[in-house]
Amino acid sequence: MFSQASRKASKPQLTSLARAHRKYRRGALPRPDGFWFGRTLAAVAAFALVVTGGLAAAAPSSATETRQSYIVVLKDGVVDPGAAALAQQSAYGFTASKVYRHAVNGYAATMTASQAQRVQANPNVDFVTMGRTFQKPQEPMSAGNQKVPFWRQRIAGTDSDVRRSLDNGPDRINVNVAVIDSGIDATHPDLNVKGGVDCQSGSPVDVAHPVDVLGHGTFVAGVIGARNNGIGVVGTAPGTPLWSVRVVDNAGLISEESLICAIDWVTSTRTDDNEDNDIAVANISIAGGGPDTPNCGKGVDPMHYAICRSVRAGVTYAVAAGNAGEDFANTVPATYDQVLTATAIGDFDGKAGGKAAPKCGTQNWARFGQKDDRPAFFSNFATTPADKAHTVAAPGMCILSTAPGGYGVEDGTSFASPAVAGSVALCISQNECTGSAEDIMEQYLHVTASYTKRHMDYGFGGDPVHPVGTKYFGYLTQTVSF
């Protein structure tokens, strides 16, 4: 998980990012599964970050001192981060592995805590943080005839039967969406995959035919944009161009270095000479422990820092709230004010009203207290005014979507988030959401809230119009307006 800003050497608490387990012990609450974010603890006793961005006193370097990943953020006045990385590598004796030029001006490197302290003192360096790591997601049946899943019917409006915004080909909805995840199966006939990049090593490598050995990213991609092509399923923004941005390595780990690489690459599409690849929306169904940080994380949180700069470049981010059933104020990137954070609801018939039994196949969710058209029992939620301001809900239980070689069913806020990402893409495609990424986010939240307020029977028990207790899950995303 992401550590606290102070990066104290306490035992890490793993936090769910992706899906809820499909198999449970009877009577026990399922522990959410998927991408886990973990803290590397080597040498942490000798290294800490303070809020001002400086380094605490580090132990003297020794032959046995552990080397590990660090993120170095350079000052904006440094014109060539590559040259700066080479110069500092030579001066301090470490190995730089990746240079960032777009969302972050800086680099990733393997070094000791003592070297990190000396790098921090360099006049060209803004701040240095220890690299963080995630753990592995787990795996997601074949559909011959096309189905409109219940979750898709639910956000299309009760009576629309999802006739609106459905695509008969790959070109009608032309809003590029990046899936920052485990990759996408580019051979899947239901997905319009335009290309991608592999960031799992920390350096972006162009991939002509993306793959997904874990299945999670392909599932997310289907929720965003599975085509209306007569087979399989239908996604939120059918046929929208998808870009695979892989951040999971072959061991199932996700480093902070790879995530910043992904954000940096997505941002670069907004400034290169190719207008066809401009990413407008990015989905991150990954989360870990950590607080929101002031000033966009400057000095303490390079991932927050990168996301803020990416948003300023024009990318709208949808992220998962997490599956711990708790306030996401201590979950990142969910708590960052600059992203749309998706909570999950349970819907089991594709209709409003809460009349269906909470069953999905052989799984009966009633034993966990779940009800139809209510917040998913595992979903994180907001409590603070700042977090409520960027929270939106989407279906996240019994989600039917694409998987490598076919289709599958999964649960989790990981799959609520891409429904939001796809809905934002629709909003942009219909010119209901225009302007900067900040403007698009504000307009999208306004349109979503307004729809529920005008259609009182559309929402769910737990939204701001139909509150249940003090937990805030946001208004339910929708596509019928677009």
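In this predicted model, helices α4 and α8 cross each other in a right-handed sense. The contact joins H216, F219, V220, V223 and I224 of α4 to S414, F415, P418, A419, A421 and G422 of α8, and by class these residues comprise eight nonpolar, three polar and no charged ones.

**Geometry of the α4 and α8 pair**
- Helix α4 spans residues 216-225 and helix α8 spans residues 413-429, and the two pack with their axes 7 Å apart at an angle of about 40°.
- Because angles under 35 degrees count as roughly parallel and 65 to 115 as roughly perpendicular, the pair formed by α4 and α8 is classed as oblique.

**The α5 and α6 pair**
- Helix α5, covering residues 256-268, packs against helix α6, covering residues 302-313, at an angle of about 10°, and their axes lie 9 Å apart.
- That angle makes α5 roughly parallel to α6.
- On the α5 side the contact involves E256, L259, I260, I263 and T267, which meet P302, M303, A306, I307, S310 and A313 of α6.
- Sorted by class, the residues in the contact of α5 with α6 are eight nonpolar, two polar and one charged.

**The chain as a whole**
- The secondary structure of the chain consists of nine helices, α4, α5, α6 and α8 among them, together with 25 strands.
- Of the 482 residues in the chain, 62% are buried.
- The chain exposes about 17700 Å², and carbon and sulfur atoms supply 50% of that area.

Notes: Residues are numbered from 1 along each chain as its sequence is written. This is a predicted model: local features need pLDDT of at least 70, side-chain atom pairs count only at pLDDT 80 or more; totals for chains, interfaces and linings use all residues. Side-chain values use heavy atoms; hydrogens and water are left out. Helices (H or I, at least four residues) and strands (E, at least two) are DSSP runs, numbered from the N terminus. Buried means under 20% relative accessible area, exposed over 50%, partly exposed in between (1.4 Å probe, protein chains only). Accessible areas come from the Shrake-Rupley method with a 1.4 Å probe; for residues, only the protein chains shown count as cover. Axes are lines fitted to C-alpha atoms, for helices over the stretch in contact, and angles run from 0 to 180 degrees between N-to-C directions. Angles under 35 degrees count as roughly parallel, over 145 as roughly antiparallel, 65 to 115 as roughly perpendicular and the rest as oblique. A crossing is left-handed if the near helix is turned anticlockwise from the far one by less than a right angle, and right-handed if clockwise. Contact means heavy atoms within 4.5 Å. Ala, Val, Leu, Ile, Met, Phe, Trp, Tyr, Cys and Pro count as nonpolar, Asp, Glu, Lys and Arg as charged, and the others, Gly among them, as polar.
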